[in-house]
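Student: I'd like a close look at the aromatic rings in this one, and at what surrounds them.

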Amino acid sequence: MTAARHNNPETPATSRAKGASQTETLDNVKGFNSDTKIYVAGHRGLVGSAIWRNLEHRGFSNLVGRTHQQLDLTDSVAVRHFFDAEQPEVVILAAAKVGGIMANNTYRADFIVQNLAIQQNVITEAWRHGVKHLLFLGSTCIYPREAHQPIREDALLTAPLEYTNEPYAIAKIAGMKMCESLNLQYGTDYLSVMPTNLYGPNDNFHLENGHVLPAMVRKTHLAKLLSKGDFESIRVDFDRRPVSGYDPRMTDKDIANLLARFGIYPDVLQLWGSGKPLREFLWSEDMADAAVHILLNVRFEDLAKSQLPLVRNTHINIGTGIEHTIAQTTQIVKDAVGFTGDILWDNTKPDGTMRKLCDVTKLHELGWRHSVELDEGIKRLYAWYCDDNSGSSSRADKP
């Protein structure tokens, strides 16, 4: 059975390497082999797709995934039926409702309700179906707004959260505590990792609700096209990633006016906030490699030993330990895209947390360090974005 590249959304995702009739023992401490059945929840998103590719690269040939259309993870009955039918041995929970500052602050109920439902359904059904090993993907937004920098894992629940993404953070903390509690009570090996701000192929480039870096890349790209009067390419971009208010019958002038609503002009790009917040960014392929490294080589019982007698904060930060201001990041994006206009900062919009840098000491002690620096990663992201707009991006980016 060959690996399914399922551009057809009705085809369930599976990956079975050609000639995989013989089971191969792979390098890990948990006894996984090439035929170990691994369910990747959220396998088409930024995080899940990178993890899927990493697993394939390492030789795992029995991967299972479902799109949202095939399996609504907020539907408890559907999730139970899926586990009944598939019986995975390992689960990676990379599915979540995610977004930027505006989305988190506007759709507060959606972010906590939907993420709690996804986690409750997937983690609980994994436990009910005897899944011994699970990897839960959280976020560094779980930490207090005023946490000491760089942020250690034991900063969790020591002070108030950032208000703009508080509901999402609470949901992620709940998921992490579910895993930790199941481990302590039932002896499972459910690990939690907290990646920093991620970017990479299959990211969310939405002009309003996208993540900060991909949204910045797209806005800068559109500003460059506008400065060149290349409305044909702008239309291609809008067709690929719909924009609220766009109609294909619009004139070029109408499109320019629409872009102005998002702060995009031929010679100026207006961005939220002051540009002063410090952020840490991690290339998604690096994150995937770190997450899979932890899944294969780290046991919960080993993490818990150092916490006795009160076991908490067994999660692991995943990041680079390097930070840049948003303004510095914008300049790197400008250089990569080739936009020569000015950047204006809209101080009436929120900055979010002013600084958020992970302490990655635990990660380094577990034998992993990042390899892609920010300037190289942004070049890769922009190249991928342009290829994806033209329809020439590798379908291997989409499991």
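Student: Let's start with F205: is it buried or exposed, and what is its relative accessible area?

Tutor: F205 is buried, at a relative accessible area of 2%; buried means under 20%, exposed over 50% and partly exposed in between, using a 1.4 Å probe and protein chains only. Some ground rules: the model is predicted, so local features need pLDDT of at least 70 and side-chain atom pairs count only at pLDDT 80 or more, while totals for chains, interfaces and linings use all residues. Residues are numbered from 1 along each chain as its sequence is written, and side-chain values use heavy atoms, with hydrogens and water left out.

Now the rings. Searching the whole structure turns up 10 aromatic pairs. Phe, Tyr and Trp (its six-membered ring) pair if their centres lie within 6.5 Å, with planes under 30 degrees apart called stacked, over 60 edge-to-face and the rest tilted. One of the pairs is W127 with Y186, tilted, at 4.8 Å centre to centre and 45° between the planes. W127 sits in helix α4 (residues 108-128) and Y186 in helix α5 (residues 166-186), so this pair ties together parts 59 residues apart in sequence. Helices (H or I, at least four residues) and strands (E, at least two) are DSSP runs, numbered from the N terminus.

F205 is in the loop between β7 (197-199) and α6 (212-228), while Y385 is in helix α13 (residues 374-390), so parts 180 residues apart in sequence are tied together. Y385 counts as buried as well, at 0% relative accessibility.

Elsewhere, ring pairs join Y39, F82 and F83 into a cluster. Charges turn up over rings too, which takes NZ of Lys or CZ of Arg within 6 Å of the ring centre and within 35 degrees of the ring normal. K97 is over the face of F111, 5.1 Å from the ring centre, and R108 is over the face of Y163 at 4.0 Å.

One last stop is M287. Leaving aside neighbours within four places in sequence, M287 is in contact (heavy atoms within 4.5 Å) with V47, I51, L137, P195, L198, L282 and I318.
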